[in-house]
Amino acid sequence: MKAHAQTVSRKLRPHFRRSVTVTTRVRGWHAVSEGYAVEQRRSCVLISYHYGDNGFRNGVDRGVKLEAIAQFLNGLGFDAQHESGLVWVRERSEVQA
């Protein structure tokens, strides 16, 4: 399965909450909701988890959320690895050495 940000986000959306960033009345200030964010890179897709405005105070464990996302994507056939506060998603190669 191809590892593109749009494809990965579409697979995650029914099962996990996506982070949304909105502008506020204060110039240069943004409000962020709790959830995952997907970013396309040249050789992989990066998934991070944002606390949101109250997530840090509410005790959200970002590592547990990212580990669940990695396990879910591995079950779908992606090569997802959780390390250093991010999930790295690559195409699973057909030929295993």
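Helices, with at least four residues, and strands, with at least two, are DSSP runs numbered from the N terminus. On that basis, the secondary structure of the protein chain comes to 2 helices and 6 strands. The model described in this report is a predicted one.

## Overall architecture

Read along the sequence, the elements of the protein chain follow the pattern α-β-β-β-β-α-β-β. The protein chain has 97 residues, of which 26% count as buried. Among the contacts in the protein chain with a separation of 6 or more, 38% are between residues 24 or more positions apart.

## The two helices

Two packed helices are described by the angle between their axes and the distance between the axes. In this model the axes of α1 and α2 come within 11 Å and cross at roughly 105°. Angles of 65 to 115 degrees count as roughly perpendicular, and α1 and α2 are therefore roughly perpendicular to each other. On the side of α1, the contact is made by V8, K11 and L12, while α2 contributes I69, F72 and L73. Sorted by class, this contact of α1 with α2 has 5 nonpolar residues, 1 charged residue and no polar residues.

## The aromatic pair

A pair of aromatic rings is described by the distance of the centres and the angle of the planes. How many aromatic pairs does the structure hold? The structure holds 1 aromatic pair. The pair is formed by F16 and F72, with 5.7 Å centre to centre and 75° between the planes. Planes over 60 degrees apart count as edge-to-face, and the pair of F16 and F72 is accordingly described as edge-to-face.

Where do the two partners of this pair lie? F16 is placed in the loop between α1 (5-12) and β1 (21-23), and F72 belongs to helix α2 (residues 62-75), so the pair ties together parts that are 56 residues apart in sequence. F72 is also one of the residues of α2 that make the contact with α1. F16 counts as partly exposed, at 23% relative accessibility. F72 likewise has 23% relative accessibility and counts as partly exposed.

## The salt bridge

Side chains of opposite charge can pair when their charged atoms come close. A search of the whole structure finds 1 salt bridge. Its partners are R41 and E39, whose closest N and O atoms are 2.9 Å apart. R41 has a relative accessible area of 41% and is partly exposed. E39 is partly exposed as well, with a relative accessible area of 40%.

A3 is found in the segment before α1, whereas A5 lies in helix α1. Are these alanines buried or exposed? Buried means under 20% relative accessible area. A3, with a relative accessible area of 9%, is buried. A5 is buried too, with a relative accessible area of 15%.

With its neighbours within four places in sequence left aside, A5 is in contact with V38, E39, Q40 and V45.

| Pair | Separation in sequence | C-alpha to C-alpha separation |
|---|---|---|
| A3 and F78 | 75 residues | 7.2 Å |
| A5 and V89 | 84 residues | 9.2 Å |
| A68 and H82 | 14 residues | 9.4 Å |

In the last pair of the table, A68 has its place in helix α2. A68 is partly exposed, with a relative accessible area of 32%.

## A residue with positive phi

Which residue has a positive phi although it is not a glycine? The residue is S84, with a phi of about 50°. S84 lies in the loop between β5 (79-83) and β6 (86-90). At 66% relative accessibility, S84 counts as exposed.

How values were computed
Residues are numbered from 1 along each chain as its sequence is written. This is a predicted model: local features need pLDDT of at least 70, side-chain atom pairs count only at pLDDT 80 or more; totals for chains, interfaces and linings use all residues. Side-chain values use heavy atoms; hydrogens and water are left out. Rings of Phe, Tyr and Trp (its six-membered ring) pair if their centres lie within 6.5 Å; planes under 30 degrees apart count as stacked, over 60 as edge-to-face and the rest as tilted. Buried means under 20% relative accessible area, exposed over 50%, partly exposed in between (1.4 Å probe, protein chains only). A salt bridge is a side-chain nitrogen of Lys or Arg within 4 Å of a carboxyl oxygen of Asp or Glu. Axes are lines fitted to C-alpha atoms, for helices over the stretch in contact, and angles run from 0 to 180 degrees between N-to-C directions. Angles under 35 degrees count as roughly parallel, over 145 as roughly antiparallel, 65 to 115 as roughly perpendicular and the rest as oblique. Contact means heavy atoms within 4.5 Å. Ala, Val, Leu, Ile, Met, Phe, Trp, Tyr, Cys and Pro count as nonpolar, Asp, Glu, Lys and Arg as charged, and the others, Gly among them, as polar.
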